[in-house]
Amino acid sequence: MTALAPPPAPSRTSLLPLGAAGVTVVLWASAFVGIRAAGHDYSAGPLALGRLLAGSVALTAVGLFQAAKARRATGASTRPLLPRRPLLFAAMLWGVAWFGLYNVSLNRAEQSLDAGTTALLVNLAPVLIAVLAGLLLGEGFPVRLMIGMAVAFSGVALIAITTSDGRGDLVGVLLGLASAVLYATAATAQKRLLTRIDALALTWIGCLSGTVACLPFAPGLIRQAADASLSSTLSLLYLGVFPTAIAFLAWGYALSRTNVGRLAASTYVVPPLVVLMSWALLGEVPGVLALVGGVLCLAGVGIATVRRAR
C-alpha cells in the first residue's frame, strides 16, 4: 500500500492574485473612511472628480514607468497600445460606469448614511456578481460559493444593524443600492474586457473616461478646494492614489487570474474592516453584534474562496 504524496506547496505565482485581492480589500475599506473625511468639505460630484484626477495622474505615472522599463529592456521605443475602436468604446463606457457613476453615487450615499450601512448596501454587489457570472460568464453556481456568500451576508447584516445611526434617508439608501448594481455590472463586464485588454491599460482608460464624465463638476471642485481644510484635501488625494489607482490595478490583476464570483466574495471582508477603521479614525465604537458580524464575514469569505484541498 503506497502513501499518498503531500499536495504541492502553492507557488509564488499562485499567491500573487491572493495578495493583490488583499491589497484591494484593505484599500477599498479605507475608502469608506476617506470619503467620510473628505465629505466635510467636498460634495459628491466634486469629490469624485478630484479623486479621479489624482488617480489618473498616478496611473499615467505607472504607465510611463512601465514604458520606460520596457524600453530599457528591449532598447526600442514603445508607445501605449490602445485597443481598436469598438473595444476602446466599450472600455470607455465601462470606465464611465465604474469610475464615474459609481463614485458619485457612493459619495452621495455616504453623505446620508453611516459607513457601516453604506458598506452593507455596496456589498450586496458580490451576490449580484455571482448571479451575473453564473449566467453570463459560465462560472456556474458552486455550492461552496453560495453557502459562503450566505454566511458572509448574514455577517454584513449584523454589522449594518449595529452601525446604522438611523438618520439615513431614502435617497441615500437608493443610491447605495445603485452603487451595488453599478459595481456588480462593471465587475462582470471587466472580466470580459480583461481577456482583450491589459489590466493597466484598461484601468487607465477607465479612470480617464470617468474623469472626463465628471468634468461638469469642475467649477464646484475649484470652489470647494479653495475653502477646504488641508485634511479634507489630503483625504481626497489619498482616495485618488490608493483606493483608486493602486486598488483598481490590483483588482484588475487579480480578476484576470481568477473567476469574478470568487474574487467578489472576498470583498465581504470590507465591512468589518470599515468598522475597525472608523472605530480607530472616526471614533465610532462598534457593538458586540458588529464584531460577531465581522467574524461571520471572514468565515463566509473562507468558505466561498478557499478551495477544498484534494
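A search of the whole structure turns up 0 disulfides. Cysteine 207, for example, takes part in no disulfide, and the nearest cysteine sulfur to its own, that of cysteine 214, is 9.7 Å away. A disulfide is a covalent bond between the sulfur atoms of two cysteines.

Keep in mind that you are looking at a predicted model. How confident is the predictor, then? The protein chain has an average pLDDT of 83, and 85% of the residues score at least 70. Among the elements of the chain, helix 9 (residues 218-227) has the highest mean pLDDT, 97, while helix 5 (residues 125-136) has the lowest, 74. Please be careful with residues 1-9: pLDDT stays under 50 there, and the model has 0 contacts beyond four places in sequence for them.

Now for some residues that are tucked away. The cut-off for "buried" is a relative accessible area under 20%, so each residue in this table counts as buried.

| Residue | Relative accessibility |
|---|---|
| Isoleucine 159 | 0% |
| Cysteine 207 | 1% |
| Cysteine 214 | 2% |
| Serine 105 | 8% |

Let's visit two of them. Isoleucine 159 sits in helix 6 (residues 143-163).

Serine 105 belongs to helix 3 (residues 85-110). Which residues does serine 105 touch, leaving out those up to four places away in sequence? They are Leu175, Ser179 and Leu182. With serine 179 there is also a polar contact between the side chains, at 2.8 Å.

In soluble globular proteins, nonpolar side chains tend to be buried together. The largest nonpolar core here has 75 residues, and Trp98 and Tyr183 touch the most other members. Helix 1 (residues 12-38) gives the most to this core, with 11 residues. Not counting residues up to four places away in sequence, tyrosine 183 touches Trp28, Trp98, Tyr102, Val122, Ala125, Ile129, Trp251 and Thr267.

Key
Residues are numbered from 1 along each chain as its sequence is written. This is a predicted model: local features need pLDDT of at least 70, side-chain atom pairs count only at pLDDT 80 or more; totals for chains, interfaces and linings use all residues. Side-chain values use heavy atoms; hydrogens and water are left out. A nonpolar core is a set of buried Ala, Val, Leu, Ile, Met, Phe, Trp, Tyr and Cys residues joined through side-chain atoms within 4.5 Å. Buried means under 20% relative accessible area, exposed over 50%, partly exposed in between (1.4 Å probe, protein chains only). Helices (H or I, at least four residues) and strands (E, at least two) are DSSP runs, numbered from the N terminus. Contact means heavy atoms within 4.5 Å. A polar contact is a pair of N or O atoms within 3.5 Å; within protein, one must be able to donate a hydrogen and the other to accept it, and residues adjacent in sequence count only if both atoms are side-chain atoms. A disulfide is a pair of cysteine sulfur atoms within 2.5 Å. pLDDT is the predictor's confidence in each residue, from 0 to 100.
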